[in-house]
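Walk me through how this structure is put together.

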Amino acid sequence: MASISGLSLAARSSRWSAGAIVVMAILAAAGELVRVASPHFYADDPLWADDDMALDASGATPIEDANSYDFVVHTFAAPGDRRDVRAMNVNTLDEVPDSSWFQNRADRDRTVADLVRGPDRVSSISLDGWVISGGKSTGVQPGFRMTDPQGQLYQIELDPPDNPEMASGAEIIGTALYHAFGYHVVDVYLAELDPSHLVISEQATIWDPREARRRRLTRREIDKVLRRGARQPNGKYRVIVSRFAEGKPLGNFRYYGTRPDDPNDIVPHEHRRELRGARVFAAWLNHDDSRGINSLDMLTADGGRNYIKHYMFDFGSTLGSGTIYVQRHRPGNEYILEWKPGWLTLATLGFYTRPWLHIDYPDDAPPAVGRIEATAFTPEQWKPEYPNPAFDNMRPDDAFWAARIVSTLDAASIRAIVEKARYSDPRATKYMTDILMKRREKVLRTWLTAVNPVVDFALSNSGEFTFANAAQQAGVAGPAQGYILQWSRFDNATGAATKVGDPTETVEMSSAAPAALVADARAGDYVEVAVAARHPEHAAWTTPVTVHFRRGADRWDLVGVRRVP
Amino acid sequence: MAAQDPQSEDSRAGTLKAEREKKQQNLEPPKENALARALKAVERGGVPLITRDGLYAKLGSLTTGSGFAYGAGYRTHRFFERDAGIDLWAGTTMTQYWAAQARLQMPIAPEGRIVLNTYGRRHDYPMEDFFGIGPDSARADHTTFRVLATTVGVRANGRVVGPLAVGGGVEYLTPSVGDGKDEKVPPIGDVFDDESAPGLASQPDFVRSLAFVDVDWREPRNARRGGWYRAEWSHYEDRDQDLYSFDRFDLDLRQFFSVLSERRVFVARAFISTSHTPGDQTMPFYLMPSLGGNDSLRGFREYRFRGPHALLLQGEYRFEIWSGLDAALFYDAGKVEMRRQDLDLNGLESDYGFGFRFNTDNGMILRVDSAFGSRDGKHLWIVFGGTF
């Protein structure tokens, strides 16, 4: 994670002026100088847990961006540091360490049941004995707040009348998948609400924007909310029950800059890999609403520490759902405001038609799935509602990281997660599973092949070097014609690599390391191997991935992977 | 992960911790720039201010041609803690139009299926345009008149099933008409008399009875498909002179078609107004349907044509430029006639033009139309609200 040491020095300001960028460049250069004096790999590399929860953040104050500001600043101002640089929070294996932002879940021994459970603490929820404790003041989806018998607060939301199960299904699937990716999300459950058994707390209030005050929440208001929701044939309502996260709300995080009031937040968000790579997940799931205002920062007390935990939430506008209506045609295909297609449309009096206007959505798709398809879906062209600085900074190595996570979710996992949405129409389950699998295949084909996809490196005591090809493993690329290996002795103090022998080529994904390099290695010695690949369809694979091993007491430890686009 | 003393800067964890400790010395609260503060204020305070209960600013228009109106009002949507709403307002314009209105709206059936509206209004419109009645009115005869009127009434609207609604009501009107106040345009009395402008000499009070049928299946409200059809019958009863009683029937049909994922919308509108006056009665000119202006024949001045019978045909092609902004090409044709049997497609006045519509799903916010091709010159309309 040398890049953190070098560049995060400049991460203290969230105001990105040209001057600040110049200063940052100078500081970055200074960081490089510092790095020369430091070892290339520290003894605790690779770091799998970035303790960004250590320092007290209880003095932080809420950041609550307005919808309109978020749109304006991202559409017209291009905030953040827009540079083609490596993500700054990756560890020396080019992976994202666990943090207050992210937790590695893909490589653990998780079962399909784990995936389906996601963030949920219990397997199911009944609303018996719950009390309506307040109105819902934000967001477009009809709903209110309820409190369970233990006093835990939840948000209740309904589906639109014309598309029962659509928004709730998207919320369930989106939450489970984002949890599987590694993000912090809140528990969400499906439940059945019986309107004849509602109890409203005496203290329940609702913010009335027309009266500009809070007032008592009455049954009449609840009935109005229910009228905006889809009612089941049995007279009850299928609702989404979202548990409020623990802690003190601190508003939203931004996809650029750092929080100036959080001592732990030192990496500009647009340079965080998990935020850059979120573009891959958003494209897969058509999460057009992936923007700062759909995030949540919570001041979390844990073990005597107060730190900010960063959540993603509100997946009601994913897949084919637009939350309160079927997803429109533009989202995912074009920003809300893009000049060129607009001017073309105007100049041609509407005879120019945007390509997405011609996407053919199946007429027989069940109402619960909304509007989503996989045939026209082009992952690299997918767009959120308006520019996202972290998404814009996504490089092929960031996308590769995310795509590998997607690749860990197989057909059985995806089907199980879709089944969690409990669509009453089996066709909806099948349709959504099929669409997700087809879109997944495109995501993997696009982003697992855009860089040299060699992974899973190991060097045995006998000197056998093995690796794998992630694109081939995922079935989105054929075998490489060959792999070219260049071995070097690596000086950890200076960062200098001294070649040992000439490059060798192998068709197999294994090869013997030069005996001169590994036979007499002592603890603390480092070796480097650069692995390039030849594939007639993927020129980018010729760029080598640089791999470092450190000799331990009784084995070779993988300590470095550098994948350059 | 290798164990390493995180306090030491000779470890990765240590270097990161050192950086964080350095930042800790220079923490500052998040700052919002002026734009962020302004937009937040608008979003949280400004937009609700337009629709909020209590005192509010009355902005917009009083009637076609009044110009921009400003005033103040008071409203609540929870009168006596019920869903009933009251709305009281008064406003004026730079052209000395003014109006004041009180309205009580109350649901009288569950889920608002029947709503009762009771209202009273007083207005003074001092510069209403008049060019004569019938299809042959001349622009050279442009005059203005003043209409001062009080209206009180009650209406009931009931939703029958789906998009079908029916309703009816009764209201009492006390119009008073005189010369207009526009110094640049002759007053009506200089050019017209009671024969050429029936009802100019004296104005009785009226009792108007009305009934309507309404089918509205537009989707969304700023429609891209569906239709809106309304038929309304009114009987105006002269309460004083037994000279000006008449029946009026209006039929307004609007149909919306769309292609290309509803980003291209074709709108067709047909409006027919006809009236019946018993043999000894006359329809007063100020209660006749009119054509001309931003919402009918856009290539003509406001109220350019008046007559007891009117026909208006409009077509519009709207195409989305960006979300929230449509452009439009339009064509209007129509005429007024003195006899119902002349209400055909011959001799229609027409215009065409283009415009822009700033909109949401719930309606148009602002409309700019440029109209050409009429014998009345070019016209530019900037209007808050939609057309059809």
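In this predicted model, helix H12 (residues 411–420) of chain A packs against helix H13 (residues 426–447) of chain A. Their axes come within 9 Å and cross at roughly 140°. Angles over 145 degrees would count as roughly antiparallel. H12(A) and H13(A) are therefore oblique to each other. The crossing of H12(A) past H13(A) is right-handed. On the H12(A) side, the contact is made by A:Ala411, A:Ile414, A:Arg415, A:Val418 and A:Glu419. H13(A) answers with A:Thr429, A:Met432, A:Thr433, A:Leu436 and A:Met437.

H12(A) also packs against helix H5 (residues 166–181) of chain A. Here the angle is about 140°, and the axes lie 8 Å apart. H5(A) and H12(A) are therefore oblique to each other. H5(A) passes H12(A) in a right-handed crossing. From H5(A), the contact uses A:Ile172, A:Ile173, A:Ala176 and A:Leu177. From H12(A), it uses A:Ile417, A:Val418 and A:Lys420. A:Val418 also belongs to the contact between H12(A) and H13(A).

Now the core. The largest nonpolar core holds 135 residues. Which of them touch the most other members? They are A:Val280 and A:Ala403. The largest share of this core comes from H5(A), with 10 residues. Take A:Ala403 as a way in. Leaving aside residues up to four places away in sequence, A:Ala403 touches A:Val280, A:Val443, A:Leu444, A:Trp447 and A:Leu448. A second core is separate and has 19 residues. Its members include B:Phe206, B:Tyr236, B:Met283 and B:Phe285.

Next, the strands. Strands of a sheet pair through backbone hydrogen bonds, either parallel or antiparallel. Chain A has an open sheet of three strands in the order E8-E9-E10, with antiparallel pairing. Strand E8 (248–249) and strand E10 (305–312) are the edge strands, and each pairs on one side only. Strand E9 (residues 295–302) pairs with E10(A) in the antiparallel sense over eight bridges. One pair to look for is A:Thr300, whose bridge partner in E10(A) is A:Tyr307.

In chain B, follow strand E11 (residues 246–259) into strand E12 (residues 264–276). The two run antiparallel and are joined by 13 bridges. B:Leu253 has B:Ala270 in E12(B) as its bridge partner. How many residues lie between E11(B) and E12(B) in the hairpin they form? There are four. In the turn, B:Leu260 has a positive phi of about 50°. E12(B) has a further antiparallel pairing with E15(B), over 10 bridges. There, B:Val267 stands opposite B:Glu316 in E15(B).

E15(B) leads on to the contact between the chains. Chain B gives 42 residues to this contact, and chain A gives 46 residues. On the side of chain B that touches chain A, strand E15 (309–322) is among the elements that give two or more residues. The others are helix H1 (12–24), helix H2 (34–51) and strand E16 (325–337) of chain B. Which element gives the largest share of that side? H1(B) does, with 10 residues.

Key
Residues numbered from 1 in each chain as written. Chains lettered and ligands numbered in written order. Predicted model: local features only at pLDDT ≥ 70, side-chain atom pairs only at ≥ 80, totals over all residues. Core = buried A, V, L, I, M, F, W, Y, C linked by C-beta atoms within 7 Å. Buried ≥ 20, exposed ≤ 12 C-beta atoms within 10 Å, placed from the backbone. Contact = placed C-beta atoms within 7 Å. Pairing = 2+ DSSP bridges. Axes fitted to C-alpha atoms, helices over the stretch in contact; angles between N-to-C directions. Parallel < 35°, antiparallel > 145°, perpendicular 65-115°, else oblique. Left-handed = near helix turned anticlockwise from the far one by under 90°.
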